Amino acid sequence: MAVANNELEKVIIQSIMEELAKKGLLSQKGKDHVMAAAIMDTPIVPDTHSEDMVTFPALDEMQISNPFNADAVRAMKKLTPARIGIGRAGTRPKTISWLRFLADHAVAQDAVFLDVSEEFLQRMNLMSVQSAASSKDEFLQRPDLGRRLSPEAVKTISEKCEKNVQVQILIVDGLSSTAIEANIPDLLPALMQGLKSSGINVGAPFFVKNGRVWVQDHVASLVNSEVIISLIGERPGLGTAESLSAYMIYRPDETTVEADRTVISNIHKGGIPPAEAGAHLTDVIKEILAAKASGVKLNQQK
Amino acid sequence: MILKAKVYNKLFGFESLKEVMAKANEEKSGDELVGIAAKSASERVAAKLVLSNLTLEDIYNNPIIPYEEDEVTRAIYDGLNLRIYREIKGWTVGYLREYILDHKTTGEDLAHISRGLTSEMIAAVAKLMSTMDLVFGSKKMRIQSHCNTTLGVPGTLAFRCQPNHPTDNIEGMMASLKEGLSYGSGDAVIGINPVEDNVETVTRLLDTVKNFMVKWEIPTQNCVLAHVTTQMKAIEKGAPVDLVFQSIAGTQKANDAFGVSAAILDEAFALAQRQGTATGPNLMYFETGQGSEVSLDAHLGVDMMTLEARTYGYARGYRPFMTNNVSGFIGPETIYSGREVIRADLEDLFMGKLHGLPMGIAPCYTNHMKADQNDQEMGTLLCAMAGSNFFMGVPGGDDVMLSYQDTSYHDDASTREILGLRPLPEFEQWLEKMGILENGKLTERAGDPSIFDK
Ligand code: B12
């Protein structure tokens, strides 16, 4: 029934659009945009009776025509998510790897525009505030806005957050909300537990929407924690949109430069698994607290 | 200095050289973000017109960022050959463009005047050049360098094999490296970006690649692209380093953000000379790209293209073996579309070469910008025609650790075959010995990483 509803909706939207366009109230571009949005949630399955469809072959399928050592190729493909052992047509990729690349590009582009769901934030019991960027488009074009908090966020944080803790944890969507939803459920408890069992006092973690790395400096100026750590979504790649980074800094102020931050990247199930990352980050934070420094300054002390 | 111009019936006035330089640029989102881009197409032309009429002396006398305040400016001015500068200081920027393009002007001539040009002069002339101008000018200049092998030999095109892995897993990295070599990629360098920036990881990767190079007698150089200070510690502890890497930018403020300075780079270069494994004399590998200063809020109101030229002015004193430009690496806030990336790549290739740098380009894009593989391949072919010394080589074009797309091993082999270019001579011999290449073409055996697994 849902499909029929959507079809009906589409027809209605389309006729309204046509009318508006005729009256010169809507550009062709605007019309296409709305139509594309309307069609988006409609599954495009015109022929539901047929079982036949074209899909991508399994990733481990042998693509090299006459491999010198087929077992070795298979073993190598298991060791890395990189696109290796994919064969060639002349010097060009095979048709199937080229199309797979296009599909992965399409998915990665879409991932940038996803939001972390309300349901997820509730489930994780995370308070949510927003940066000064009010939409994803604005966030992408105006990094300066993603680097500071909205006035409401400043108020909420000032009122609700515990001050002068040793460590404040932020969850920031950054360039991938997928990375947040995929890793935080395992990463956050592991990190909280690690820090608490080391006797470190931690403020309640909270979520910043449309945030960049530097938003942590703004938060630190309000909560005055020793260390502030952001668990932030990296830009999505073709291989995965789930990759998350932890950016940490010891007492940022006006003299802070980027090199004062310590970063651990590639946290995801195909990189540093989130639970393991929790333990690793605990160790790094302990080092930062002990050295009262992070980033290149911390490395110089080692 | 005349800073006013009339474009048909419209009069435009500018406050400073800095403003003219910014407004003369082709459209780029980073300049718009900073609020310094031309407001209209006519204003853009007016700025180009003003610029074309300025002399090199005008530019010399009006440093875009003061000498006293910025060590990049100091590197540019202190490194200048004043005798050559005095011979040409009366030239207008417009004349310089025509001189570069003139049939009588050779690559040798350009290498000579290069020593008398500041980075700002080089940026200025590139702002007056179209796509074909940039390709034509770039192609005249061939800059060679030597580490273990020679880069930039006429008729060759080299590649950095970039076998990155999301956990620095040694076998996983090796799998991508073998794949790359089997496509003929890796003659410029085997260069790995490590996930973990520490001495142990860096040393492990360097050792592994070096041992493999020795075992299979591969004529190339190794490098691990950690922060320069980490590489220095690794060298001191005895790790085998052919090339020392660092990202650099066009203002002192941006370099501070990167955690580098002239003092650190001097020390790194000296260390590579004393304790590195390579023959040299060129031992440094730099990466640059339009937009990093904007991204770090360290642009000081200067446009991205001029800052990129200044970065080359900073680099040239270190006589790098390779300078790689990654202008499409950051995102839409600095470079919005495929069109903007292609333009930036060609500008950077030209400006780098006119600085006398052995340039390579990474025509690349991220998934949050408006560009796709078609744009990337156009950029690659144009830069190859313009005589880029090298490109990157990434498995299937997808870097699974850095999350962006760059030239693939397939693109590497394709570009060579399309344009009749060859690998670096020593490496070509090695490829033939391995049965990977024959008469400049991949053999049946090529494209198979298991040829290294008997
Ligand atoms: C894009 C990028 C850059 C861009 C940053 C511009 C930008 N707007 O993002 C540029 C090209 C300038 C850059 C430079 C460097 N980078 Co970088 N970069 C990345 C990349 C590919 C994606 C980052 C991302 O998605 N950010 C998320 C968004 C939401 O953040 P943002 O707020 O928009 O942008 C900030 C961060 O990107 C941050 N950042 C980016 N790189 C680095 C590196 C360090 C050490 C720090 C402290 C911060 C930092 O700078 C931006 C401005 O605040 C990651 C790889 C990855 N998988 O994450 C590597 C990565 C983070 N970079 C890395 C390195 C080593 C560097 C350099 C130190 C290289 C060098 N030797 O000089 C330099 C200098 C960095 C500095 N101190 O400023 C390493 C860090 C390794 C580590 N554990 O320390 C990574 C993990 C890649 C790698 N494995 O080699 N980088």
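The legends below describe close-up views of a predicted model.

Local features need pLDDT of at least 70 and side-chain atom pairs count only at pLDDT 80 or more, whereas totals for chains, interfaces and linings use all residues. Residues are numbered from 1 along each chain as its sequence is written, chains are lettered from A and ligands numbered from 1 in the order in which they are written, and side-chain values use heavy atoms, without hydrogens or water.

**View 1. The interface of chain A and chain B.**
Chain A brings 55 residues to the contact and chain B brings 66; contact means heavy atoms within 4.5 Å. About 4600 Å² is buried between the two chains, and carbon and sulfur atoms give 56% of that area. Buried area is the accessible area (1.4 Å probe) that two parts lose on being put together, summed over both. The rule finds 21 residue pairs in polar contact across this interface, both residues at pLDDT 80 or more. A polar contact is a pair of N or O atoms within 3.5 Å; within protein, one must be able to donate a hydrogen and the other to accept it, and residues adjacent in sequence count only if both atoms are side-chain atoms.

On the side of chain A that touches chain B, two or more residues each come from helix 3 (70–79), helix 4 (95–111), helix 6 (136–141), helix 7 (143–146), strand 6 (262–267) and helix 12 (295–301) of chain A. Helices (H or I, at least four residues) and strands (E, at least two) are DSSP runs, numbered from the N terminus. Helix 4 of chain A gives the largest share, 5 residues. By class, this side has 26 nonpolar, 19 polar and 10 charged residues. Ala, Val, Leu, Ile, Met, Phe, Trp, Tyr, Cys and Pro count as nonpolar, Asp, Glu, Lys and Arg as charged, and the others, Gly among them, as polar.

Side chains of opposite charge can pair when their charged atoms come close. A salt bridge here is a side-chain nitrogen of Lys or Arg within 4 Å of a carboxyl oxygen of Asp or Glu. A:Arg83 pairs with B:Asp398, with the closest N and O atoms 2.8 Å apart. A:Asp115 and A:Lys209 also form a salt bridge, at 3.8 Å, N to O. This pair links distant parts of the chain, 94 residues apart: A:Asp115 is in the loop between helix 4 and helix 5 (118–123), and A:Lys209 is in strand 3 (residues 206–209) of chain A.

**View 2. The second largest pocket.**
This pocket has a volume of about 810 Å³. Of its 40 lining residues, A:Leu59, A:Pro81, A:Ala82, A:Arg83 and A:Arg100 lie nearest its centre. Helix 3 and helix 4 of chain A, with helix 19 and helix 20 (409–419) of chain B, each supply at least two lining residues. Helix 4 of chain A gives the most, 6 residues. The lining divides into 13 nonpolar, 13 polar and 14 charged residues. On a 1 Å grid over the protein atoms alone, a pocket is an open set of points with protein on both sides within 12 Å along at least five of seven lines, a cavity is a set where a 1.4 Å probe fits but cannot get out, and lining residues have an atom within 4 Å of a point. Grid points are joined across faces, edges and corners, and a volume is the space filled by probe spheres set on the points.

**View 3. The cavities.**
The structure holds 2 cavities of 30 Å³ or more.

**View 4. Backbone details in chain B.**
A cis peptide bond joins B:Gly280 and B:Pro281, with omega about 10°. B:Tyr8 has a positive phi of about 50° although it is not a glycine.
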